[in-house]
Amino acid sequence: MLSGIPAAIMLSRSGVPLPILLAELISCAAAAALVAGTLERYRPITSWKSEREVLRHPRKYLPPAAGLAATTLVMLVGSPA
């Protein structure tokens with residue numbers, strides 16, 4: 001949900017209604033959680049030796065990217081223009 005807060009701030013400044021803002025935040029959090037859970041279930045990182053290696057793995061960018069994509073979709077669908 002933290003990934004969607006900057007977009008929500010920008011949308012609230014432009015006068016977007018509250019239901020759109022909530023849909024944006026919920027979709028961002030749900031998409032990121034689903035991607036993270038799916039990755040751990042079907043493609044777990046098993047070849048790491050330390051926590052540092054896991055933190056340096058490029059896969060950590062996939063859940064925020066999914067959240068951003070979901071947020072963008074809600075913004076495009078919910079925009080009045």
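The structure is a predicted model. Across the chain, the average pLDDT is 79, and 85% of the residues score at least 70. Among the elements of the chain, two mark the ends of the confidence range, as the table shows.

| Element | Residues | Mean pLDDT |
|---|---|---|
| Helix H1 (lowest) | residues 5–13 | 69 |
| Helix H2 (highest) | residues 18–42 | 85 |

Helix H2 also packs against helix H4, which spans residues 62–78. The angle between H2 and H4 is about 150 degrees, and their axes lie 7 Å apart. Angles over 145 degrees count as roughly antiparallel, so H2 and H4 are roughly antiparallel to each other. The crossing of H2 past H4 is right-handed.

The largest pocket holds about 160 Å³ of space. Its lining consists of Ala36, Leu39, Glu40, Ile45, Trp48, Val54, His57, Arg59, Lys60 and Pro63. H2 contributes the most to this lining, with three residues. Sorted by class, six of the lining residues are nonpolar, three are charged and one is polar.

Conventions: Residues numbered from 1 in each chain as written. Predicted model: local features only at pLDDT ≥ 70, side-chain atom pairs only at ≥ 80, totals over all residues. Heavy atoms only, no water. pLDDT = per-residue confidence, 0-100. Helix = DSSP H or I, 4+ residues; strand = E, 2+ residues; numbered from the N terminus. 1 Å grid on protein atoms, 1.4 Å probe; cavity = no way out; pocket = protein on both sides within 12 Å on 5 of 7 lines; lining within 4 Å. Points joined across faces, edges and corners; volume = space filled by probe spheres on them. Nonpolar A, V, L, I, M, F, W, Y, C, P; charged D, E, K, R; others polar. Axes fitted to C-alpha atoms, helices over the stretch in contact; angles between N-to-C directions. Parallel < 35°, antiparallel > 145°, perpendicular 65-115°, else oblique. Left-handed = near helix turned anticlockwise from the far one by under 90°.
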